[in-house]
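I am opening my notebook on a chain that is new to me.

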Amino acid sequence: MAGLNPPTPLIISTATSSIHPSFVGAFSGLTVTLLSSDNISFPISPESLTRTSGYFRMLLTLPQGTPAVTGIQRECIPLTETSDILASLLSMISGIALACPPIHEHGFAERLLKAAEKYEMPMPIAFVRSLLSPSFDTSAIRLYGIACRMNWEAEARGAATRTLGLDLMAPENLAELGRLDTPHLLKLLSLHNRRRKAVAEALDDKTLYSANERWNRCTRDINVQACDVVVDHPKWLAFKLAWSREPWRFLSVGEAETGGEKPAGQRIPELEALLDDRCGRCNRNLYSRTATLDNLRQMVQKLPKTIEVTCSANYTSDNVVTNHLYVVSVIDGAAVARSK
Ligand SMILES: [Zn+2]
């Protein structure tokens, strides 16, 4: 833990361990040997450790002559991390060339960050952070969770935005949702819920969408007389219902130029059906493609796109009822919320 005195290390013999091949002879002079939980040893110069790790700086600068320190210099320090994690950490802080660590692999980045935090190593943390950009090819929910736990606000907000194209409650996403800390999970669910409500409210606007006026009549003139047939707008109702139920399918509407077609080729059938809908009597288009898409785009652009930084305390759940204004950390929510 950062800021805590390191425990007196257990000193054990290296006789039964194997040295990691990248660390064989890598350092001349005095070395300290770290031992992974899977019995791989890593001889490394104490200078590399003390320069880059608050934990080892404190451990290795204990007064000389202390039995523990004397033992450290002769034997090795067992650590709880596996050799893949230690190899990545120690290569980053010492400049030993290794293949890029598999940050994208299941759980590896989190284990690496956890170890870097434990040993107070800012360099590996910065390295992993640079790789975990919002565009990094990994699960948006996983990236969101990592960024939240590390207090990386920009990354957390970017990853939250990336989740908008997901059905959070789909079976394939539940496991990752379950790994989020509760305040972070609530913020993400709140974002999706606020968008859903905002869409429903905006699509019900009768001034923007005349289709919300039930039983209005077709106004097209036919031979001087109006068509005047009653229009019930079933396609409009289907469109609204679909967006409310599965909002992640409609993410591209804000960017769509024609027909709500996604750049990747995915289509929104309900939108296409709407824009193609015609009067049953005179066959005129019931909806202006240009005006409808313009209205929808403007609506989408106003939707919340990421988790909130400053908010009223009752925005997320029913069990928060105070009316005070709270300043809430993007990532630590309940832990740091304070009344203004
Ligand atoms: Zn008509």
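Predicted model: local features only at pLDDT ≥ 70, side-chain atom pairs only at ≥ 80, totals over all residues.

**Entry 1: helix 7.** I began with helix 7 (residues 140-149), where 9 of the 10 residues are buried, so this helix is largely enclosed by the rest of the structure. By buried I mean that 20 or more other C-beta atoms lie within 10 Å of the residue's own; 12 or fewer counts as exposed, in between is partly exposed, and C-beta atoms are placed from the backbone. My helices (H or I, at least four residues) and strands (E, at least two) are DSSP runs, numbered from the N terminus. I listed the buried residues of helix 7 as A140, I141, R142, L143, Y144, G145, I146, A147 and C148. What do they pack against? I found helix 5 (108-118), helix 8 (153-162), helix 9 (171-178) and helix 10 (182-203). Just after helix 7, I noted N151 with a positive phi of about 60°.

**Entry 2: ground rules.** I number residues from 1 along each chain as its sequence is written.

**Entry 3: the whole chain.** I counted 14 helices and 11 strands. Of the 340 residues, 28% are buried.

**Entry 4: the cores.** Next I looked up nonpolar cores, meaning sets of buried Ala, Val, Leu, Ile, Met, Phe, Trp, Tyr and Cys residues joined through C-beta atoms within 7 Å. Which members of the largest one touch the most other members? In this core of 43 residues they are L34, L89, Y144 and A147. The core draws at least three residues from each of domain 1 (1-122) and domain 2 (132-180), with bounds from an automatic or database domain assignment. Apart from this core lies another, of 19 residues, including L203, Y209, I268 and L286.

**Entry 5: L89 and its helix.** I call two residues in contact if their C-beta atoms, placed from the backbone, lie within 7 Å. Leaving aside neighbours within four places in sequence, L89 is in contact with L112, A115, A116, M121 and P124. L89 also joins M92 and I93 of helix 4 in meeting M123, P124 and F127 of helix 6. Helix 4 (residues 83-94) and helix 6 (residues 122-131) pack at about 105°, their axes 9 Å apart. I take axes as lines fitted to C-alpha atoms, for helices over the stretch in contact, with angles from 0 to 180 degrees between N-to-C directions. Helix 4 and helix 6 are therefore roughly perpendicular, the word for 65 to 115 degrees (under 35 is roughly parallel, over 145 roughly antiparallel, the rest oblique).

**Entry 6: strand 2.** In strand 2 (residues 32-35), V32 and L34 point one way and T33 and L35 the other, and all are buried. I count strands as paired if DSSP finds at least two bridges between them. Strand 2 runs antiparallel to strand 3 (residues 40-44), with 4 bridges. Opposite V32 I found I44, and opposite T33, P43. Their hairpin has 4 residues between the strands, and N39 there takes a positive phi near 70°. Strand 2 also pairs with strand 4 (residues 76-78), in the parallel sense over 3 bridges, and T33 stands opposite C76 there.
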